[in-house]
Amino acid sequence: NAFILLRVIRSIKPMHTKQEKDGAEYQKQLHARDLYEKGIRLSMVKPNKPNLKKAVAYFTQAADLGHINANFIIGDAFCKGKWHTELEYTDALKYLDTAANHNHPEAMIGFADMHHKSGNLFESLDKYFLALTHGNQSAIDRIQKLIDNPIGQNYLSNLFEREEKTQEPMVQFLIGRCYLHGFCTEPNLERAIGWLKEAVRSNSAFAAHTLGYLYETGNGVNKDIDMAIDLYKIAGERGFSKGYLSIAIYFSQRINEPHMAKTNLQTAFEYYKKAAELGDLVADNEMGILHIQGFEFGFPNYADAAACFQVGADKGNPDAILNLANCYYSGVGVQRDLMKAENYFSLLLSHEGDLAAQAAYGLGAIYTQNIQKRIRKVGRSYLEAAAKAGIRDAKDLLNKSFGNKNKAKRKVA
């Protein structure tokens with residue numbers, strides 16, 4: 001009995017250690033997030049020179065603790081000399097590389113830009129292709145610009161030389177993408193598919209995903225959904241999150257099938273979760289949306305939705321940042337916290353289009369609640385910018401908060 005008891009104690013001890021480790025890791029994540037949010041507040045909400053200096057320190061500490069978007073923000077700052085920082089090539093490269101390795105598409109672009117500036121043309125093209133593969137469409141313009149110059153036109157020839165020497169799956173994949181897009185050559189779907197298949201045989205996850213997309217859409221091959229799903233699974237199993245993400249998107253779009261809507265959404269959630277576990281930037285936000293839609297129990301699960309948005313925001317997903325800001329503003333799934341909402345809305349002002357407009361509306365809604373005339377005036381300017389961008393709710397809130405003043409202005413005019 002004593003021997004059995006000893007065996008039981010020994011079997012419990014590693015679990016106890018793992019729980020402590022998991023708890024310590026969670027506390028580390030919370031600390032990193034706290035530093036990151038302080039950095040946001042000082043750099044985005046109150047950006048004077050002393051605060052910017054403190055913000056750089058906060059972002060750096062958060063990045064060193066593993067916060068993904070903090071790695072991108074501070075890497076980008078060092079790269080561009082923002083916020084009174086010196087141009088630090090080594091530090092910029094380190095932080096951008098860390099974020100890029102965690103699938104941050106903007107960091108991938110920044111990392112590639114730095115290689116380009118240092119004269120590594122072919123290596124920067126490799127990185128731009130990787131960013132494109134992870135969904136950053138802005139990489140296409142950069143690739144086109146580089147291959148239009150005399151040296152860049154030799155990129156495909158360089159790939160062929162590298163492939164002959166190494167037979168690297170990544171190089172085979174890049175050759176396939178060149179033929180697919182018509183970079184350095186005329187578009188040739190037959191050759192593109194041939195090289196992508198060769199790369200898949202050489203264990204390329206990226207090639208499996210790209211080939212899966214061609215089968216899903218019927219581009220250059222007979223449309224075959226089963227083949228597409230199989231290839232997406234191969235991509236995911238080999239570590240590329242977009243493989244699982246593509247399966248999740250496919251099933252999430254099949255909600256109108258009779259008697260299959262709930263099953264399809266559950267399957268979608270399962271694959272979003274797999275993608276998220278591989279660090280995917282998009283998947284956490286989509287899981288949060290499914291929680292709000294009530295795919296599990298038929299009614300919204302706001303707490304789990306907010307938790308998913310938080311993870312997505314930490315990774316740097318703009319949509320997740322906006323959804324998290326709205327959660328904090330409304331007190332949905334989390335305790336209402338206007339300061340946190342302000343922080344996350346402010347983080348989106350540098351984006352273009354609807355995201356920036358929605359952020360301006362959120363900030364306007366916060367500031368118009370303030371009793372100070374100066375802050376309400378700032379809120380009004382944000383609402384006007386959002387209304388000008390087409391946010392209807394911003395127009396309604398403007399009329400509600402400043403209706404009489406707007407009428408007075410029109411009479412004077």
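Modeller: Buried means under 20% relative accessible area, exposed means over 50%, and partly exposed is in between. Keep in mind that this is a predicted model.

Biologist: Is aspartate 126 buried or exposed?

Modeller: Aspartate 126 is found in helix H6, residues 121-133. Its relative accessibility is 14%, and the cut-off for buried is under 20%. Aspartate 126 therefore counts as buried.

Biologist: Which residues does aspartate 126 touch, not counting those up to four places away in sequence?

Modeller: A touch here means heavy atoms within 4.5 Å. With residues up to four places away in sequence left out, the partners of aspartate 126 are Tyr155, Leu159, Arg162 and Leu174.

Biologist: How many helices and strands does the protein chain have?

Modeller: The protein chain has 413 residues, and buried ones make up 46% of them. Its C-alpha trace spans about 80 × 70 × 55 Å along the principal axes. As for elements, the count is zero strands and 21 helices.

Biologist: How are H13 and H14 oriented to each other?

Modeller: Two packed helices are described by the angle between their axes and the distance between the axes. Helix H13 covers residues 241-252 and helix H14 covers residues 261-277; their axes come within 8 Å and cross at roughly 165°. Angles over 145 degrees count as roughly antiparallel. H13 is therefore, relative to H14, roughly antiparallel.

Biologist: What is the handedness of that crossing of H13 and H14, and what classes of residue make up the contact?

Modeller: The crossing in which H13 passes H14 is left-handed. Residues of H13 in the contact include Tyr244, Leu245 and Phe251, and those of H14 include Leu265, Tyr271 and Lys274. By class, the contact of H13 with H14 has one charged, four polar and eleven nonpolar residues.

Biologist: How is H12 oriented to H13?

Modeller: Helix H12 covers residues 225-237, and its axis and that of H13 come within 6 Å and cross at roughly 140°. That angle makes H12, relative to H13, oblique.

Biologist: Which residues of H13 meet H12?

Modeller: On the H12 side, the residues in the contact are Ile225, Ile229, Tyr232, Lys233, Ala235, Gly236 and Glu237. The contact of H12 with H13 has seven nonpolar, three polar and two charged residues. On the H13 side, the residues are Gly243, Tyr244, Ser246, Ile247 and Tyr250.

Biologist: Is serine 241 buried or exposed?

Modeller: Serine 241 lies in helix H13. Leaving out residues up to four places away in sequence, serine 241 touches Asn103, Ala275, Leu278 and Asp280. Its relative accessibility is 2%, so serine 241 counts as buried.

Biologist: What is the phi of asparagine 103?

Modeller: Asparagine 103 is found in the loop between helix H4, residues 89-101, and H5. Its relative accessible area is 15%, so asparagine 103 is buried. Although asparagine 103 is not a glycine, its phi is positive, at about 70°.

Biologist: Is cysteine 184 buried, exposed or partly exposed?

Modeller: Cysteine 184 sits in the loop between helix H9, residues 169-181, and helix H10, residues 189-201. Cysteine 184 is not a glycine, yet it has a positive phi of about 65°. Its relative accessible area is 27%, so cysteine 184 is partly exposed.

Biologist: Is lysine 117 buried or exposed?

Modeller: Lysine 117 is found in helix H5, residues 105-117. Its relative accessibility is 64%, so lysine 117 counts as exposed.

Biologist: Which residue caps the N-terminal end of H18?

Modeller: Helix H18, residues 338-347, is mostly covered, with seven of its ten residues buried. Among them are Tyr344, Phe345 and Leu347. At the N-terminal end, a side-chain oxygen lies 3.1 Å from the backbone nitrogen of methionine 339, and the capping residue is aspartate 337.

How values were computed:
Residues are numbered from 1 along each chain as its sequence is written. Side-chain values use heavy atoms; hydrogens and water are left out. Axes are lines fitted to C-alpha atoms, for helices over the stretch in contact, and angles run from 0 to 180 degrees between N-to-C directions. Helices (H or I, at least four residues) and strands (E, at least two) are DSSP runs, numbered from the N terminus. Angles under 35 degrees count as roughly parallel, over 145 as roughly antiparallel, 65 to 115 as roughly perpendicular and the rest as oblique. A crossing is left-handed if the near helix is turned anticlockwise from the far one by less than a right angle, and right-handed if clockwise. Ala, Val, Leu, Ile, Met, Phe, Trp, Tyr, Cys and Pro count as nonpolar, Asp, Glu, Lys and Arg as charged, and the others, Gly among them, as polar. Buried means under 20% relative accessible area, exposed over 50%, partly exposed in between (1.4 Å probe, protein chains only). A polar contact is a pair of N or O atoms within 3.5 Å; within protein, one must be able to donate a hydrogen and the other to accept it, and residues adjacent in sequence count only if both atoms are side-chain atoms.
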